[in-house]
Amino acid sequence: GSEALIVGKMEMKIIEFDLNLYDQKCIKKAIDDFYDIAEIISEKCDNKIICRMLASKADINLTACEFSNYIIDLMNVI
């Protein structure tokens, strides 16, 4: 019911990526690659990509951290 909705909102993580520092293609690839692990919605706002992590199989704080690190790793490969 509604209780689960409140818990879901409390657990949501918002992660902002400045496009001066992060590659938009890497962010999109990371979201695709994390498809099985977490539900992530992104939107472009000015010169930022705002990612909302709505749900995660693992601890959401850990997943958010790994997600950010993964984007950096992808950028290092380019």
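Predicted model: local features only at pLDDT ≥ 70, side-chain atom pairs only at ≥ 80, totals over all residues.

Visitor: What is the mean pLDDT of the protein chain?

Guide: pLDDT is the predictor's confidence in each residue, from 0 to 100. Here the chain's mean is 89, and 86% of its residues reach 70 or more. Helices (H or I, at least four residues) and strands (E, at least two) are DSSP runs, numbered from the N terminus.

Visitor: How many residues does the largest nonpolar core have?

Guide: In soluble globular proteins, nonpolar side chains tend to be buried together. A nonpolar core is a set of buried Ala, Val, Leu, Ile, Met, Phe, Trp, Tyr and Cys residues joined through side-chain atoms within 4.5 Å. Buried means under 20% relative accessible area, exposed over 50%, partly exposed in between (1.4 Å probe, protein chains only). The largest core here has 18 residues, and F17, I27 and F67 are among those with the most contacts inside it. β1, α2, β2, β3 and α3 each supply at least two of its residues. The largest share, 5 residues, comes from α3.

Visitor: Which residues of α2 are buried?

Guide: C26, I27, A30 and I31. Seen down the axis of α2, the buried residues fall within an arc of 140° (taken from the directions from the helix axis to the C-beta atoms), so they line one face of the helix. K25 and D32, on the other side, are exposed. Contact means heavy atoms within 4.5 Å. The cover over the buried residues of α2 includes β1, β2, β3 and α3.

Visitor: What is phi of D46 near?

Guide: Most residues other than glycine have a negative phi. Phi of D46 is near 55°, a positive value. D46 is found in the loop between β2 and β3. D46 is exposed, at 70% relative accessible area.

Visitor: How many disulfides does a search of the whole structure find?

Guide: A disulfide is a covalent bond between the sulfur atoms of two cysteines. The search counts a pair of cysteine sulfur atoms within 2.5 Å. It finds 0. C45 is partly exposed, at 32% relative accessibility, whereas C51 is buried, at 0%.

How values were computed:
Residues numbered from 1 in each chain as written. Heavy atoms only, no water.
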